[in-house]
Each structure stands twice: as structure tokens, then as C-alpha cells.
Amino acid sequence: MQAQALNLNYYYVLPHIIVAVTGIMSLLFGAFNKKAHRDLVFINLAGIFTAGASTWKLWNLVTTASQDGVGKSLTAFSGMVVLDHMSLAFIFIFLIVAFLGTILSLNFLEDEDLSPEEFYSLLMFSTVGMMLMASSGDMVMIFLGLEISSIATYVLAGYRRKDLRSNESALKYFILGSLSTAFLLYGMALVYGATGTTNLESIATAIKQGTNLVTSQPMTVEILYIGVAMLLVGFGFKIATAPFHVWTPDVYQGAPSAVTAFMASGPKAAGFVAFLRIFVIAFAADTSFELNATWTSILQVLAILTMIIGNVVALSQTDIKRILAYSSIAHAGYALIGFLANDWTSVAFYMLTYSVMNIGAFAVISVMAGKNEQNTELETWAGMGFKSLGLSIALLIFMLSMAGMPLTGGFMGKFLVFKTAWDKGLSLVIVAVLNSAASIYYYLRPMVVLFFREGNEETPAPLLSWSAYVTILLALAGTFYLGLMPGKLFSLLEAARDTVALVR
């Protein structure tokens, strides 16, 4: 009877359960069989495929429920878990990131003789945290998912334990994450104090009515404003927007490339979906004290700052991992435009394309940088273009896609975000287009060094591992598919757009 009241529908969280169990199985299997490195990869991949299949089943279930008029979303665990197309679309993105991250890390762990069972289980636990963030209907659940994902990722960043750069990366990531957590937790507590609830839809109701739902007294607007400001800062650290991007390039540079590829894609997308859940569902309700207008104005300024600082500082970088780190900051600014246009489908498509091309680029870097990734300075790549022609061309394609060149996924992602925002009258699209044009310079600079700078002819070409080879091929296929044939995915997302209960 009590279970019915709580609506403990475990089927709605089946993908989360499958991924969590896969993480536990990887840990246990590896503990009893130290030579089962490749078996662990297959366990992870099987878990990801099964979770993907169950997510697709849930997607169809939500579609049917929407068409039958049951509701725009399904809920479980007393509203703590919300199942809608937005949450499921982002869960697919996290599973794709985990899939590519698992394959890419295989040879990295073997070559450096690192423990595989802990790595793969941490990868799965981080993915579960991100999935929880996407499907949360309550701030408490968002915080729980954030912590599960973050703690696992801190450890992954410092996984190369004997490497000082990796240690520094983990420490700085931990400090940044702790700051983000502190701001988010205080912000959530203040919002609860003002509204009397942590449920996102109930917060929207309280703000509309201007009443604390517990005391039935008029809401203390100042407390709500301070809470929203602290949440903005917390999410700013989480998705690395300016001026909260400090140390992000250091973290990216010091972590192993396989980990950087994962944490630059998955946790960033998770930060965006949690940001969307809280701000667009809970705080977008029209009120007499214009909360919505205030935070959208602040976000517009942050988006412009993020694009400009990310791109301008990237122009002066000489380390390829730092270039991509500042590039990721600029991309957060582009994605914020989709956020401001109140269009989750364009943000989801953008994060998918960014994740695929970003992981592909880091897969190339993991090979070109050599053993222990000592050669990440661009000058050390001089003259390597013709020695590693395939890798160089792959890197060129990923860089062009990030710059937004036609026929690639990056172009379609930017096109969708910019068009949606332009249709809604957001003039900051002009700033975004100018920034995107300026970014071409630093995206093409590695090609100049690879093909037009003279290097040491005796330097051997880097050895391409099969795991990096497969990852690069899959990322290339994804980049071209999203750029050349996005129609079916567009249609799917368009059909799902109105089934998410966004308030505005």
C-alpha cells in the first residue's frame, strides 16, 4: 500500500538500474579475474546496449502516453523521477558517450598498466549520475545525481596516479566541483526556504502564486532571488561558462585524453539538462516580480562573455588540449543560446554533435601525443601530417566540424541552435556567428603545423591502437551522419518537442 502511494515504478528507471548493475559487475568481475581486461570492455558494452534498448522502449512508452492524453510526462517515486522525451534524449547522449569512452580507454589502460575494473565501474557510475540528473523532477534528486557523477569523474581525472599533471587535474577538478556543489546546495536551500518545496513543478506553482507552499504566507522574494543567483553560479562552474571557467583548461590538459573526452562531453551535457530542468521548468513562470526576465538577461550576458573569452583565449594557446578546452568553453556559450531560446531539442542535438566530434578529436590526440601523452604542444607535431595522413585527415574533419563547416554535424548543430534563437528574436546570434567565424583560425592551426612546418624526419609516426582506430571511425561516421542525414533525428526530436512540460 505504501509502495503504491510512493509510485515505486522501477520500470521507469530500468536504464539507470542496468548501468549501475553493469558498474558493480565490472568491479566484482575484475576483482576475481585480474587478466579479464577485454572481458570487462564487453561487459560494459553489453550493459550500455541493454540500457539503450530499454531507453528506446521507454521513449515509445512516453510517445504513446502523450498521444493518449495521459500526460506530457510520466512520474515515479513521488515525482522525484520524471520520464519525458527530454530526459530520454539526454540519456541516449550519455550512453553514446559512455560507449565511445569505454572503447577509447581500452588500449590506454593496457599500455599504462592501470587497473581496468575500477576505471570501467567509475565510468558506469558517472553515467548513472548523469542519467539521474536528466530524469529528475526534484532538486534533491538533481543534487544526488550530480554528486554520484562528479565524485566518479574526480577519480577518473586523477587515474594516472603516478603522473603529477593528472594529480593536479584531479585536485583542481575536485576544488571546482566542490565550489559548484556549495553554490548549488545553498541556492537550492534558499529556493526551498522561499517556496517551501524542492519539486520543480511545485516551485513553478509557488512562484506563480507568489506564496510559500508550506506556510501559505507571501513569498520572500529577496531570498528567492539570492537562491536563483547562487544556482546560476553553481551551474556556471558545472558547464564552464565565463567567468566560472577558471582551471577548466588545466583540468583538461592534465587528465588522460580518454578521460578528458568523456568529461568534456558527458558531464557538460548533464549540466545543461539539469540547468534546463531547474530554470526552464521551475523558474520560467511569469510572476509579478519578473524573475524570468532577470535570469534570462544575466544568461545573455554570460553567453556572450563565454563565447568571446573561450574563442579569444584559444587563439593564443599552443597546447592542443588547452585549445580544445577553451573551445569547449566557447561551445558552452553556443549551447546557451539554444537554452535561452527555450528549445531543449536544439540543445540536445547540439550536445550530441559536440560529444561525438569532441571524443573523436581526443581519440586522435591520444595517439598523436605518444606514450604518457608527452607531446601535446603543437610544435612537437611539426611535419607529422604525411607520416600519419589518416589521423591528420580525421583531426581536420573533427576540427572543421567544431568550427561549423557545412556537411558536418557541427554545422547542423550550430544551424539548429542559431535558427531557433533567430526565429525567437535573439540578436546575440550575430555575436555567435562572428565568434564561430573567428574560431576557424585556431581550429585550422594544427593542420598548418602538421603539413606545412618542417619537423625531424627521423621521428617515427605514432602507433595507432585498434581501440583508438575504432573510436575515430565511429566518431567520423557519427559526424558525417549528423551533418548529412539529420532528417530522421530532427523529425524525432520535433515530434517530441511539445511533449515536455516546459513553462513559459
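**A walk around helix 18**

Start by selecting helix 18 together with helix 4 (85-111), helix 14 (344-368), helix 15 (389-403), helix 16 (409-423) and helix 19 (487-497), which are among what covers the buried residues of helix 18 (contact: heavy atoms within 4.5 Å; buried: under 20% relative accessible area, 1.4 Å probe, protein chains only). Helices are DSSP runs of H or I, at least four residues, numbered from the N terminus.

This is a predicted model: local features need pLDDT of at least 70 and side-chain atom pairs pLDDT 80 or more, while totals for chains, interfaces and linings use all residues. Residues count from 1 along each chain as its sequence is written, and side-chain values use heavy atoms, without hydrogens or water.

Now show the side chains of S467, A468, T471, I472, A475, L476, G478, T479, L482 and G483, the buried residues of helix 18. Look down the axis of helix 18: these buried residues fall within an arc of 165° (directions from axis to C-beta atoms), so they line one face of the helix.

Next, find the largest pocket by selecting F92, I93, I96, L352 and L489, which lie nearest its centre among 25 lining residues. A pocket is an open set of points on a 1 Å grid where a 1.4 Å probe fits, with protein on both sides within 12 Å along at least five of seven lines; lining residues have an atom within 4 Å of a point.

Then colour helix 3 (37-67), helix 4, helix 14, helix 18 and helix 19, each of which supplies at least two residues of this pocket's lining. Which helix gives the most to the lining of the largest pocket? Helix 4 does, with seven residues.

Technical notes: Buried < 20%, exposed > 50% of the residue type's maximum accessible area, 1.4 Å probe, protein only.
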